[in-house]
Amino acid sequence: MATDTETDGLTGGESGRGQDRERTGNAVINWMEGLSEAAYAYLLLLPAFALLTLVAFYPMLRTFVMSLQADQTRGIDPLGGFVGIENYVDILTGNARLARQFLDVGLSSSFPFIELGTPFFQQALFVTLAFAVISVVVETVVGFGQAYVLDQDFTGRRWVRVAIILPWAVPIVIQGMIFFLMFQPTVGFGSDLMQSIGLFSSTPLANSRDAFIIILVADIWKSSAFMALLILAGLQSVDRSLYDVARVAGASPWQRFKMITLPLVMPALLVAMLFRTMDAMRVFGLIESTAGCTTVPSLTCLVVEAMFGGTRIYATAAAVAFATALVIGLIISVYVLLFRDTEGGMY
């Protein structure tokens with residue numbers, strides 16, 4: 001049984017440790033209160049940066065290290081010795097040992113963007129950039145129009161919102177199968193309809209140009225809803241009293257849109273375009289489930305084909321993947337500069 005002296009000693013020790021913790025906590029709080037707003041913001045973002053480093057930066061660094069090694073098609077180890085930037089030179093010059101030809105030579109003339117003999121990486125890069133630019137531009141225009149309609153008060157707006165958002169809920173594989181069946185000559189009506197008006201060939205999914213257009217339409221049908229949702233959030237954050245003042249001042253609808261709506265929605269618009277561009281640059285599932293990568297190649301198709309196409313060329317796949325990440329990083333940098341301009345008052 002502990003004596004009173006021992007009990008007092010234990011109580012005093014616990015009290016001292018509690019006071020130490022309290023002083024430490026106060027010191028941390030005082031230190032945080034002394035930080036600038038920017039430093040405090042970075043402190044709050046530190047856990048997110050740590051998680052991003054774990055799930056994104058480290059795999060990217062590992063991919064870059066793999067890309068500097070040789071392909072090892074025999075033996076247990078899939079990677080050979082250090083070869084530097086040789087894999088990057090091979091994919092740019094067309095000397096990479098890819099598993100198969102991406103664009104069918106017999107169909108190349110139907111795809112006006114690419115000439116025979118173009119290295120596979122340039123083929124995939126051009127197709128990916130063309131897909132990203134066209135799809136994002138059209139989806140932005142369509143999504144802005146949808147968001148502008150949904151921002152108005154009218155009867156049945158709830159059902160119109162459901163109709164606009166519904167395509168976004170369709171899984172990519174189901175989306176691809178819908179358009180695959182729609183343009184199958186013996187199953188769907190799309191092939192006969194487009195052929196009757198002279199736009200498509202009799203087998204559009206085997207024709208690179210036709211398949212590219214079909215995939216574009218499929219992506220616009222689905223992803224315009226995503227753009228509409230993000231832009232609608234920006235529209236609903238605009239102070240309505242600004243429009244009342246503009247009407248009293250005699251501003252026309254176009255002037256109200258140009259001077260009020262567009263500048264205030266521009267940050268949300270750029271964020272929406274950034275997300276869609278990143279997604280479009282990684283397009284794979286829609287292509288593979290609709291027409292296949294041999295008809296319409298993309299950069300992600302190139303990575304998947306190099307990794308799982310029947311030969312173990314993991315280093316080449318890593319080089320294509322890292323080059324794709326660099327291209328996406330450059331595009332993101334452009335968006336960041338544009339977003340900074342909007343904050344600085346360009347618009």
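Reply: We begin with a definition: the axis of a helix is a line fitted to its C-alpha atoms over the stretch in contact, and the angle between two axes runs from 0 to 180 degrees between the N-to-C directions. The model is predicted. In this model, helix 8 (residues 208-236) and helix 10 (residues 253-281) pack with their axes 9 Å apart, at an angle of about 140°.

Me: Why are helix 8 and helix 10 called oblique to each other?

Reply: Angles over 145 degrees count as roughly antiparallel and those from 65 to 115 as roughly perpendicular, while the rest, apart from those under 35, are oblique. The angle here is about 140°. Helix 8 and helix 10 are therefore oblique. The crossing of helix 8 with helix 10 is right-handed.

Me: Which residues meet where helix 8 packs against helix 10?

Reply: Helix 8 contributes residues including Phe 226, Met 227, Leu 230 and Ile 231. Among those from helix 10 are Val 265, Ala 268, Leu 269 and Arg 276. By class, this contact holds 11 nonpolar, 3 polar and 2 charged residues.

Me: Why is the pair of Asp 151 and Arg 240 said to tie together parts that are apart in sequence?

Reply: Asp 151 lies in the loop between helix 4 (120-150) and helix 5 (157-165), whereas Arg 240 lies in the loop between helix 8 and helix 9 (241-248), so the pair joins parts 89 residues apart in sequence. Gln 152 is also found in the loop between helix 4 and helix 5. The C-alpha atoms of Gln 152 and Gln 236 are 84 residues apart along the chain and separated by 9.9 Å.

Me: Why is Asp 151 counted as buried, and what is Arg 240 counted as?

Reply: Buried means a relative accessible area under 20%, exposed means over 50%, and partly exposed lies in between. Asp 151 has 11% and therefore counts as buried. Arg 240 has 38%, so Arg 240 counts as partly exposed. Gln 152, at 36%, is likewise counted as partly exposed.

Me: What makes the contact between Arg 247 and Asp 244 a salt bridge, and how are the two placed in helix 9?

Reply: Their side chains meet at 3.1 Å, N to O, and the limit is 4 Å. Arg 247 and Asp 244 lie 3 residues apart in helix 9, about one turn of the helix. Arg 247 has 47% relative accessibility and so counts as partly exposed. Asp 244, at 44%, also counts as partly exposed.

Me: How do you know whether Arg 276 is buried or exposed?

Reply: The relative accessible area of Arg 276 is 2%, so Arg 276 is buried. Asp 279, its partner in a salt bridge of 2.7 Å (N to O), has 34% relative accessibility and counts as partly exposed. Asp 279 and Arg 276 are 3 residues apart in helix 10, and are therefore separated by about one helical turn. Both belong to a network of salt bridges that also links Glu 139, Asp 219 and Arg 282.

Me: Why is Asp 77 called partly exposed?

Reply: Asp 77 has a relative accessible area of 48%. The cut-off for exposed is over 50%, and for buried under 20%. Asp 77 is therefore partly exposed. Asp 77 lies in the loop between strand 1 (69-71) and strand 2 (79-82). Leaving aside residues up to four places away in sequence, Asp 77 touches Gln 72 and Arg 312.

Notes. Residues are numbered from 1 along each chain as its sequence is written. This is a predicted model: local features need pLDDT of at least 70, side-chain atom pairs count only at pLDDT 80 or more; totals for chains, interfaces and linings use all residues. Side-chain values use heavy atoms; hydrogens and water are left out. Helices (H or I, at least four residues) and strands (E, at least two) are DSSP runs, numbered from the N terminus. A crossing is left-handed if the near helix is turned anticlockwise from the far one by less than a right angle, and right-handed if clockwise. Contact means heavy atoms within 4.5 Å. Ala, Val, Leu, Ile, Met, Phe, Trp, Tyr, Cys and Pro count as nonpolar, Asp, Glu, Lys and Arg as charged, and the others, Gly among them, as polar. Buried means under 20% relative accessible area, exposed over 50%, partly exposed in between (1.4 Å probe, protein chains only).
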